[in-house]
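Please work through the following exercises with the sequence and the coordinates at hand. Each task is followed by a stepwise solution.

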Amino acid sequence: YVDSNGDLYTWGDNYYGNLGYSTPDPMEDYYTHYGNYPNPTPKKVMGNVAKVFMDDDHSAAITNNGELYTWGYNYDGELGNGSYSHSDPVVTPIKILDNVRDVKIVDGHGAAITTSDELYTWGQNGYGQLGNGTYEDSYRPIKVMDDVRSVYLGWTSCAAVTNSYDLYVWGNKVTDAEYTYEHAYSVNYPVHIMSDVKEFYLDYPSYDERYVLKNNGELFSYGFGNHDSLNKVADNVKDFRSGHFLIGTNSYSSGAYIDYNNNLYSLNDNNDNTLLMTNIRWFDLQGDTGVAINDNNELFMWGENESGQCGTGDLNYVESPTKILNNVQSASICVVFGRLNFSAAITTDGHVYSWGNNNDGQLGDGSFESKYSPTLVSVINDGTDNPSNFIYELSFSDVNCVTGNNEWFFGNYTTQFPQKID
């Protein structure tokens, strides 16, 4: 977590050095990779942190003065530090760019937006996903566009929405502005798709399904099941998440959305969308599991529950939104392969609860025992019922953890206590 002084803490496995430090061997014969081992002792690595990003193999931090640091796995140069390695991860933060306000990294490539709204990309470029007009990899950030509001990364594609709400997409499988599929394989430069766009959403990357939300509330999909043409699937949409869960006994959802009346609907494959809940202020979908918080700060979960990530006390599939916890400020889910799914929530008084799979210590409660109901993370609360630092928001990435005033991320495997990054 990032405390009030801007110091960053992480825990979980250090498989690729993605905790931000190298760790010695504290246990005999413990499984490791690249010489990095679990380490339950806090170690400061970095301060002055404003924002943190983590996925399963890579980490990044933006300081309060806009400096961007990256560390972790660098197989394709996705850390942007001027190098790549198939064997040696980067175990300490390295500065790669100044004046940054946002960053995203996936397997193979990364992107950052500066405070002046310039978009930079770096990493693997076999499908033109860097958008620089070539198919050559770049191990340092290269400028691609100006006037960028937001950026979105898939495994082999990239998209950006400008400050004038124009959507551009490049890389693998691009639909052009005329809503036809003229670009059969890949495009190495930004292609205009649609105007008046509020948000762009990528389904799980291997499905090639993308969603476009316009400022007027129209939601479009294209790719995979829609034969690469834009198809309107809903109106009056305020926010959307892609995901797949069972509706009733014979219909699957391909996502969920909140309308402007704060009603939560499933986006069904047959376009017969189903009302799930009312009076919703926040929701999310990860894989086959959903989570929502209503106006009364009640936390609900539904969908796949094979790791106990729904917090219902068992491993049974949850067919409809079920209340799990009261007085919740924010929550998040982590869904990964291998039944390592887990969830966490912050209450309105600053307490942190977690539940689900804990094979790798990712729940942060000092054990490796899975929990199927919300459990207080006493490590963060000074071992008492009082939070040591008031934490505002959380988010996950695979099975590691970072908590903080801006974000909480979870990463891989087995350091089960918070580790402070100096």
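The exercises below concern a predicted model.

**Exercise 1.** Determine how many helices and strands there are in the chain, and what percentage of its residues is buried.

*Solution.* Step 1: the secondary structure comprises 31 strands and 0 helices. Step 2: of the 422 residues in the chain, 56% are buried. Step 3: the chain exposes about 16,400 Å², of which carbon and sulfur atoms supply 44%.

**Exercise 2.** Identify the residues with the most contacts inside the largest nonpolar core, and state which element gives this core its largest share.

*Solution.* Step 1: the largest nonpolar core has 24 residues, and Leu264 and Leu299 have the most contacts inside it. Step 2: the elements that contribute two or more residues to this core include strand 19 (251–259), strand 22 (280–286) and strand 26 (328–334). Step 3: strand 24 provides the largest share, 4 residues. Step 4: beyond its neighbours within four places in sequence, Leu299 is in contact with residues including Val291, Ile293, Leu325, Ala345 and Trp355. Step 5: a second, separate core has 15 residues, among them Val187, Ile193, Val212 and Phe220.

**Exercise 3.** Classify Ser343 as buried or exposed, and find which backbone oxygen lies 2.7 Å from a polar atom of its side chain.

*Solution.* Step 1: Ser343 belongs to strand 27 (residues 342–347). Step 2: the relative accessible area of Ser343 is 0%, which is under the 20% cut-off, and therefore Ser343 is buried. Step 3: the backbone oxygen in question is that of Gln309, 2.7 Å from a polar atom of the Ser343 side chain.

Terms used: Residues are numbered from 1 along each chain as its sequence is written. This is a predicted model: local features need pLDDT of at least 70, side-chain atom pairs count only at pLDDT 80 or more; totals for chains, interfaces and linings use all residues. Side-chain values use heavy atoms; hydrogens and water are left out. Buried means under 20% relative accessible area, exposed over 50%, partly exposed in between (1.4 Å probe, protein chains only). A polar contact is a pair of N or O atoms within 3.5 Å; within protein, one must be able to donate a hydrogen and the other to accept it, and residues adjacent in sequence count only if both atoms are side-chain atoms. A nonpolar core is a set of buried Ala, Val, Leu, Ile, Met, Phe, Trp, Tyr and Cys residues joined through side-chain atoms within 4.5 Å. Contact means heavy atoms within 4.5 Å. Accessible areas come from the Shrake-Rupley method with a 1.4 Å probe; for residues, only the protein chains shown count as cover.
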